[in-house]
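My comments follow the structure as numbered points, each on one topic.

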Amino acid sequence: MNSLVERAQAVLRANDHGGYTVPSARLYPFQWNWDSGFVALGWATFDEARAWLELESLVGAQWDDGMIPHIVFHKASTGYSPGPEVWGTEGRRPPTSGISQPPVLATVVRRLLEEARDRGLAEAKAEALTPALLSWHRWWRGARDPEGSGLVVIHHPWESGRDNSPDWDAALARVPTTRNRYERRDLALIDADQRPHQHEYDRYLYLVDLFRDLDYDSDRLSRDCPFRVVDVGTNAILHRADLDLIALAEKFGHEVEARELASRAARTRHAFADLWHPEHGLYLSFDRRAGAPIEVPSAAGFLALFGRIPGPDMAATLAETAARWTERTRFALPTMQPDHDLFEPRRYWRGPVWAHFNWLIAEGFAAYGHNAIADRLRVDMRRLIEAGGFFEYYDPRDGTGCGGGEFSWTAATALFWAVS
Ligand code: GLC
């Protein structure tokens, strides 16, 4: 067996806490929502039962209103902040955060089902998970798009999965800073110049305090949350997941929900037209509080392809945009336009290359027949992993591995895509 494959499997095994996989042993010692989706695809390459278990552990933490949280604190740990006491969820079993993350799960379930070697197991597991997915997607529509615009808002940068992306700078600057004292454990483990700034963290924590104080009531949050942003990435992923969930709903006898999702999907595709910016050759996010587009060219705009949203002309324009970006860095694809003032090649979501994100973008380009760019992303990811190991992310200029090492989603993405 290819030794990279063996090493990647060993990373997942080492990060396996019995039913769920931590993203990184010390930096992120719990279960994270979208990480688990990618991790399940990785497990499925050598242990399908374990892949299903990963998803079940996450979905088991679903709230009554349908929300599937971004963190599940299965076991107590002092090594992470903000923990359940800050989220005000200590009474829940299991305790969780109070926000969500990009909804990749329905797409993952459909793929696991379609590629299953153990068909009986896959049918049973997918059928059992489908009602929870339907209720999660209903939560997105109801709680995060009460106007029925076709696009959902996020209430926290962490919900985008791209914590400190330049996309959020202006909207976050309008959020007050927390008055409560808190500790940042991340800085004890990772260089400060690879992590979000303090002024961002003070606002991240203000939002958590607000959600807790408003009891996570979605009507009050819609009215009072100062951060309400249409993240192009979350919306593209949700639209793709809606399409995959339609297939699951039809297969498992949820016809009414399948029709509801189909009409929602049509509305989302229509609404995406407003996020297209020909001058950037890219889809951009939108700030609902400011009532204005977020004029920041980040790689999330390419996820529309994963969402199957653009027509062929726009897909071709996106391929040209991506090709321009790749001329400027040694490794593709940086998460931010690399000749932009806000590009920072080592600071987390402000420029680096991430394995799972490269897959999402490459999958989209391949679906539209833009194979050269899709292959480039895969080859570059493989080179980064071969040279540096399974880092959280990489510097697109010289390939330096950054953030946490032995990182689960990088190992998983290697298994189901980059080195397989
Ligand atoms: C960071 C990332 C987020 C990820 C989490 C665990 O918060 O920004 O996308 O889910 O770490 O890996």
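**Notes on the structure**

1. Pro-94 sits in the loop between H4 and helix H5 (105-114), where helices (H or I, at least four residues) and strands (E, at least two) are DSSP runs, numbered from the N terminus. The peptide bond that joins Arg-93 and Pro-94 is cis, with omega about -10 degrees. Another cis peptide bond links Ser-81 and Pro-82, with omega about 0 degrees. Pro-82 is placed in the loop between strand E2 (71-72) and helix H4 (84-87).

2. A word on provenance: this is a predicted model, in which local features need pLDDT of at least 70 and side-chain atom pairs count only at pLDDT 80 or more, while totals for chains, interfaces and linings use all residues. Residues are numbered from 1 along each chain as its sequence is written, and side-chain values use heavy atoms, with hydrogens and water left out.

3. Which residues surround the ligand? They are Pro-23, Tyr-28, Trp-32, Trp-34, Asp-35, Gln-101, Gly-161, Asp-163, Tyr-348, Trp-349, Phe-407 and Trp-409, each with a heavy atom within 4 Å of the molecule. A ligand oxygen atom lies 2.6 Å from a backbone N or O atom of Gly-161, and an oxygen atom of the ligand is 2.6 Å from a polar side-chain atom of Asp-163. For Tyr-28, a side-chain N or O atom is 3.4 Å from a ligand oxygen atom. The ligand taken alone exposes 310 Å², of which the protein buries 96% (Shrake-Rupley method, 1.4 Å probe).

4. Please look at Thr-234 too, which belongs to helix H11 (residues 232-251). Thr-234 counts as buried because its relative accessibility is 1% (buried means under 20% relative accessible area, exposed over 50%, partly exposed in between; 1.4 Å probe, protein chains only). Its side chain makes a polar contact of 2.6 Å with that of Asp-231 (a pair of N or O atoms within 3.5 Å; within protein, one must be able to donate a hydrogen and the other to accept it, and residues adjacent in sequence count only if both atoms are side-chain atoms). Not counting residues up to four places away in sequence, Thr-234 touches Pro-102, Pro-103, Trp-140, Val-152, Ile-154, Glu-159 and Ser-160 (heavy atoms within 4.5 Å).

5. The loop between strand E9 (401-402) and helix H17 (408-418) holds Gly-404. Is Gly-404 buried or exposed? Gly-404 is buried, since its relative accessible area is 6%. Beyond its neighbours within four places in sequence, Gly-404 is in contact with Leu-27, Ile-190, Phe-390, Phe-391 and Glu-392. Glu-406 is also in the loop between E9 and H17, and its phi is positive, near 45 degrees, in a residue other than glycine.

6. Tyr-216 is not a glycine, yet has a positive phi of about 55 degrees. The loop between helix H9 (198-213) and helix H10 (218-224) contains Tyr-216, and with a relative accessible area of 15% this residue is buried.

7. Now the sheet: three strands form an open, antiparallel arrangement in the order E3-E6-E7, where two strands pair if DSSP finds at least two bridges between them. Strand E3 (229-230) and strand E7 (292-293) are the edge strands, each pairing on one side only. E3 is joined to strand E6 (residues 286-287) by two bridges, and Val-229 has Asp-287 in E6 as its bridge partner.

8. How many disulfides are there? The count is zero, taking a disulfide as a pair of cysteine sulfur atoms within 2.5 Å. Cys-225 is buried at 0% relative accessibility, and Cys-402 is buried at 1%.
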